[in-house]
Amino acid sequence: MTWVGKVDWELKHFHGEELSTHRGTSYNSYLVKDEKVALIDTVWGPYDREFVARLKEVIDLREIDYIVMNHNEVDHSGALVELLREIPGTPIYCTAKGEAILRGHYHQDWNFVRVKTGDTLSLGSLTLSFIEAPMLHWPDTMFTHLSGENILFSNDGFGQHFAAESLYDDTVAQEALFYEAEKYYANIINPFSPMAARKLKEIQDSPLEISMICPSHGLIWRDRIDLIIDKYAQWSNAYQENQVTIIYDTMWQSTRLMAEAIAKGLTQAAPDVTVKLMNAALDDKNDVLTEMFHSRAFLIGSPTINNGYSHAIAGLLEMAKGLKLKNKKAAAFGSYGWSGEAVKLLNERLSACGYELLDDGLRTLWVPDGDALEACRAYGTALAGKL
Ligand code: FEO
């Protein structure tokens, strides 16, 4: 296997502005040479010419017999037009949904070969085996296994938005790598966790040997394979750590003061719990969502503004609902001056998201004084018994 992808050090946002990618990303494409040659996935469109030019340095394009498209979102299929301009007619192996997506995106009558689980493609001494993985994370997704080298090409599964000059998991800082893998899971894969759990078991129960997992983003797993598989087993099963995240927005600091006092009370009463505070308007939304995914409970704080809660909190909860976070407890708090609806509305929203409400929440009128802050600390202390 030869890596022929593109490292994108510049990328700071993915899916438009939906997902932050602080460490950039890579679009991994792989060339497998045997008697026959297969190219697995391509790269995002803006890099199509660069991709094809560098591919020519590795191989005469006419020697590519097959293109395998595990998933056809534009970050992987974007270079197909440029590539097929050079080698028209090259068969594209993909799922039926993959063909529909490629036709819908590029409106080309390419040479599609539909495959499904159990289908194989012989390259000579090596064989590619296809494994459909629908909704991980698009309906077209499949994995491809390469015999001999025992590689699982998993596309977005096991991926991380992580740019690096080196290819392999053991060559970068482990904490950063696993954070990016978890952020990727929380923000992209988690809505489809039941499918992820089933697919993981199917692969673990299958006779396929896996010595390397080659995702379509980030580092290749060759050293910590067992650990990333174990992490996926945990993440896909109503994941939580012993953490409470207090997420707030604030206009004139009153809700921030409440958040900090609640955190003090909770930490004193439950020192074994990791307590983190995040400002929903200032912290990166996807990092906040990752901490919510990581938590057993979260508190959401907002001042009342225009009979509601803040836009940062509203946006965050809209995203959190879509991510289908499971096994979470939640509560609301916030300061107010007159109408004070935010906490009640937040309770309704948190319940609608499927989180178990810890209590009715806590409100403070105007700026919290010493007594009000003591009430916040006591509220945090009481929370420890409800987690
Ligand atoms: Fe990396 Fe779903 O594309």
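Here are a few notes on a sheet and some aromatic contacts in this predicted model.

1. Start with the sheet. It is open, has 5 strands in the order β11-β12-β13-β14-β15, and its pairing is mixed. β11 (120-122) and β15 (212-215) sit at the edges with a single partner strand each, so one side of each has no neighbour in the sheet. On average, neighbouring strands are turned by 20° against each other, direction ignored.

2. Now look inside the sheet. β12 (residues 127-132) runs antiparallel to β13 (residues 142-146), and 5 bridges pair them. Take serine 129 as a way in: its bridge partner in β13 is histidine 145. Helix α6 (residues 193-205) packs on this sheet and touches β12, β13 and β14 (151-155). The direction of α6 makes about 150° with that of β12.

3. On to the rings, where the count is 17 aromatic pairs. Tyrosine 27 and tyrosine 47 have ring centres 6.1 Å apart and planes at 35°, so this pair counts as tilted. Tyrosine 27 belongs to strand β5 (residues 25-27), while tyrosine 47 is in the loop between β7 (37-40) and α1 (48-58), so the pair ties together parts 20 residues apart in sequence.

4. Tyrosine 106 and tryptophan 110 make another tilted pair, with 5.8 Å between centres and 35° between planes. Tyrosine 106 and tryptophan 110 are both buried.

5. There's also a cluster to find: ring pairs link Phe158, Tyr185, Tyr232, Trp235, Tyr239 and Phe293.

6. Finally, two arginines over rings. Arginine 222 has its charged end over the ring of tyrosine 168, 4.0 Å from the centre. Arginine 363 lies over the face of tyrosine 336, at 4.3 Å from the ring centre.

Conventions. Residues numbered from 1 in each chain as written. Predicted model: local features only at pLDDT ≥ 70, side-chain atom pairs only at ≥ 80, totals over all residues. Heavy atoms only, no water. Pairing = 2+ DSSP bridges. Helix = DSSP H or I, 4+ residues; strand = E, 2+ residues; numbered from the N terminus. Axes fitted to C-alpha atoms, helices over the stretch in contact; angles between N-to-C directions. Contact = heavy atoms within 4.5 Å. Phe/Tyr/Trp six-rings, centres within 6.5 Å; stacked < 30°, edge-to-face > 60°. Buried < 20%, exposed > 50% of the residue type's maximum accessible area, 1.4 Å probe, protein only. Lys NZ or Arg CZ within 6 Å of the ring centre and 35° of its normal.
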